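Here is a short briefing to read alongside the model. Keep the viewer open and follow the topics in turn.

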Amino acid sequence: MRDLDGRTYAAATVDLRHLQLSALAVAVAMAVSGGARGLEAAAVCTDADGVPDADFDVVRDLAGSGVTVWVTDPTGDPHSAPTT
């Protein structure tokens with residue numbers, strides 16, 4: 001993820017017994033805690049069949065609409081680049 005100031009954030013999914021967060025949610029939380037005012041774009045590498053709508057909602061919470069979220073498989077081949 002890249003914020004409006006050019007800072008980048010990398011994150012992984014958290015799947016603990018009492019805490020579950022997607023990689024996008026972790027990256028957004030890191031950006032917010034660092035004072036980001038918005039986002040330029042985000043990318044997700046996953047072997048799942050897509051990204052849950054809730055993850056796009058999290059991105060919209062910080063960035064508003066119109067932010068591209070690139071989705072690739074583990075080899076880096078793009079699946080899609082939906083805009084929030």
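What is the relative accessible area of Asp5, and is Asp5 buried or partly exposed? Asp5 is partly exposed, with a relative accessible area of 45%; buried means under 20%, exposed over 50%, and partly exposed in between, using a 1.4 Å probe and protein chains only. This is a predicted model, in which local features need pLDDT of at least 70, side-chain atom pairs count only at pLDDT 80 or more, and totals for chains, interfaces and linings use all residues. Residues are numbered from 1 along each chain as its sequence is written, and side-chain values use heavy atoms, with hydrogens and water left out.

**Salt bridges**

- Side chains of opposite charge can pair when their charged atoms come close.
- The structure holds 5 salt bridges, each defined as a side-chain nitrogen of Lys or Arg within 4 Å of a carboxyl oxygen of Asp or Glu.
- One of them joins Arg2 to Glu40, with 2.8 Å between the closest N and O atoms.
- Arg2 lies in strand S1 (residues 2–3) and Glu40 in strand S4, so this pair ties together parts that are 38 residues apart in sequence. Helices (H or I, at least four residues) and strands (E, at least two) are DSSP runs, numbered from the N terminus.
- Asp5 forms a salt bridge with Arg7, at 3.4 Å from N to O. Arg7 is partly exposed, with a relative accessible area of 32%.
- Within helix H2, Arg60 and Asp57 sit 3 residues apart, which means a separation of about one helical turn. Their side chains meet in a salt bridge of 2.6 Å, N to O.
- Arg60 counts as partly exposed at 33% relative accessibility, and Asp57 is also partly exposed, at 39%.
- Salt bridges with shared partners link Asp3, Asp5, Arg7 and Arg37 into one network.

- Asp73 is found in the loop between strand S5 (68–72) and strand S6 (78–80).
- Asp73 is buried yet has no salt bridge, and the nearest side chain of opposite charge, Arg2, is 22 Å away.
- Not counting residues up to four places away in sequence, Asp73 touches Cys45, Thr46 and His79; contact means heavy atoms within 4.5 Å.

**Helix H1 and its packing**

- Helix H1 covers residues 23–33, and its buried residues are Leu24, Ala25, Val26, Ala27, Val28 and Ala31.
- These buried residues pack against strand S2 (14–15), strand S3 (20–21), strand S4 (39–45), helix H2 (53–63) and S5.
- After H1 comes Gly35, which has a positive phi near 90°.

- Asp57 is in helix H2. The C-alpha atoms of Asp57 and Ala25 are separated by 9.5 Å, although the two are 32 residues apart along the chain.
- Val59 is also found in helix H2 and is buried, with a relative accessible area of 0%.

**The largest pocket**

- Rolling a probe the size of a water molecule over the atoms shows where empty space is left.
- The largest pocket has a volume of about 260 Å³. On a 1 Å grid over the protein atoms alone, a pocket is an open set of points where a 1.4 Å probe fits, with protein on both sides within 12 Å along at least five of seven lines; lining residues have an atom within 4 Å of a point.
- Of the 18 residues that line the largest pocket, Thr13, Ala23, Leu24, Val44 and Cys45 are the closest to its centre.
- H1 and S4 each supply at least two residues of this lining.

**Pro78**

- Pro78 is in strand S6 and is exposed, with a relative accessible area of 60%.
- Leaving aside neighbours within four places in sequence, Pro78 is in contact with Val71 and Thr72.

Note on methods
Lys and Arg count as positive and Asp and Glu as negative; His and the chain ends are not counted. Grid points are joined across faces, edges and corners, and a volume is the space filled by probe spheres set on the points.
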